[in-house]
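Visitor: I have a structure to look at and some questions about it. Please keep the answers plain.

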Amino acid sequence: MGLFLRWLFAFALIALTYNPTPWNYVRWSTTHHEARLSLVVFLGLLLLIGYIIYLRATLRSIGAGGMLLVLAVVASMLWVLRDYGVLRFDQADVNLWLGIFALSVVLGIGLNWSHARRYLSGQQDMDDVDY
């Protein structure tokens, strides 16, 4: 359940920042920055903290090469789904949601990788060991 919740939060973080609906931070902040600048800055900082947590954990656990590899696997999965007629890439909104999904999978796996590696190998990271 923890793996799913970490991925779901990554998806929400990216989707709250930008998505094809009018309900996202980028569109809201560009229309309300003059009247509600303090709230725009506050919410932007909260999103930034979320990105820093996810990106730092992802870079520490799988690195930039691992991020590219996970993104390549997700992209190839989408390619297979397109070849078998499950997906079509002719709608911009659907493509944007697929991009949000792909990026959230990368961040979700990055945040969960230490847990999965510890579970599969039985080894702990040096950061996890108590003295």
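Visitor: Is Val 26 buried, partly exposed or exposed?
Guide: Keep in mind that this is a predicted model. Val 26 is found in helix 2, which covers residues 25-32. Its relative accessible area is 34%. Buried means under 20% and exposed means over 50%, so Val 26 counts as partly exposed.

Visitor: Which residues is Val 26 in contact with, leaving aside its neighbours within four places in sequence?
Guide: Contact here means heavy atoms within 4.5 Å. With the sequence neighbours within four places left aside, the residues in contact with Val 26 are Thr 17 and Tyr 18.

Visitor: How far apart in space are Val 26 and Gly 44?
Guide: In sequence, 18 residues separate Val 26 and Gly 44. In space, taken from C-alpha to C-alpha, the distance between Val 26 and Gly 44 is 9.2 Å.

Visitor: How many helices and how many strands are there in the protein chain?
Guide: Read along the sequence, the pattern of the protein chain is α-α-α-α-α. The count for the protein chain is 5 helices and 0 strands.

Visitor: What share of the residues of the protein chain count as buried?
Guide: The C-alpha trace spans about 50 × 45 × 25 Å along its principal axes. The protein chain exposes about 9,100 Å², and carbon and sulfur atoms supply 70% of that area. Of its 131 residues, the share that count as buried is 29%.

Visitor: Is Thr 58 buried or exposed?
Guide: Thr 58 lies in helix 3, residues 37-61. Not counting residues up to four places away in sequence, Thr 58 touches Gly 63, Met 67, Val 106, Leu 107, Gly 110 and Leu 111. Its relative accessible area is 0%. The cut-off for buried is under 20%, so Thr 58 is buried.

Visitor: Is Leu 69 buried or exposed?
Guide: Leu 69 lies in helix 4. Its relative accessibility is 57%. Exposed means over 50%, so Leu 69 counts as exposed.

Visitor: How far apart in space are Leu 69 and His 32?
Guide: Along the sequence, Leu 69 and His 32 are 37 residues apart. From C-alpha to C-alpha, their distance in space is 38 Å.

Visitor: What does the angle make helix 4 relative to helix 5?
Guide: Helix 4 (residues 63-83) and helix 5 (residues 92-121) pack with their axes 9 Å apart, at an angle of about 140 degrees. Angles over 145 degrees count as roughly antiparallel and 65 to 115 as roughly perpendicular. The angle therefore makes helix 4, relative to helix 5, oblique.

Visitor: How many nonpolar residues does the contact of helix 4 with helix 5 have?
Guide: On helix 4 the contact includes Met 67, Val 70 and Leu 71, and on helix 5 it includes Leu 98, Phe 101 and Ala 102. The contact has no polar and no charged residues. The number of nonpolar residues is 12.

Visitor: Which hand does the crossing of helix 1 and helix 5 have?
Guide: The axes of helix 1 (residues 2-17) and helix 5 come within 8 Å and cross at roughly 140 degrees. That makes helix 1 oblique to helix 5. The crossing of helix 1 and helix 5 is right-handed.

Visitor: How many charged residues are in the contact of helix 1 with helix 5?
Guide: Among the residues that make the contact are Arg 6 and Trp 7 of helix 1 and Trp 97 and His 115 of helix 5. By class, the contact has 13 nonpolar and 5 polar residues. The number of charged residues is 1.

Key
Residues are numbered from 1 along each chain as its sequence is written. This is a predicted model: local features need pLDDT of at least 70, side-chain atom pairs count only at pLDDT 80 or more; totals for chains, interfaces and linings use all residues. Side-chain values use heavy atoms; hydrogens and water are left out. Axes are lines fitted to C-alpha atoms, for helices over the stretch in contact, and angles run from 0 to 180 degrees between N-to-C directions. Helices (H or I, at least four residues) and strands (E, at least two) are DSSP runs, numbered from the N terminus. Angles under 35 degrees count as roughly parallel, over 145 as roughly antiparallel, 65 to 115 as roughly perpendicular and the rest as oblique. Ala, Val, Leu, Ile, Met, Phe, Trp, Tyr, Cys and Pro count as nonpolar, Asp, Glu, Lys and Arg as charged, and the others, Gly among them, as polar. Buried means under 20% relative accessible area, exposed over 50%, partly exposed in between (1.4 Å probe, protein chains only). Accessible areas come from the Shrake-Rupley method with a 1.4 Å probe; for residues, only the protein chains shown count as cover. A crossing is left-handed if the near helix is turned anticlockwise from the far one by less than a right angle, and right-handed if clockwise.
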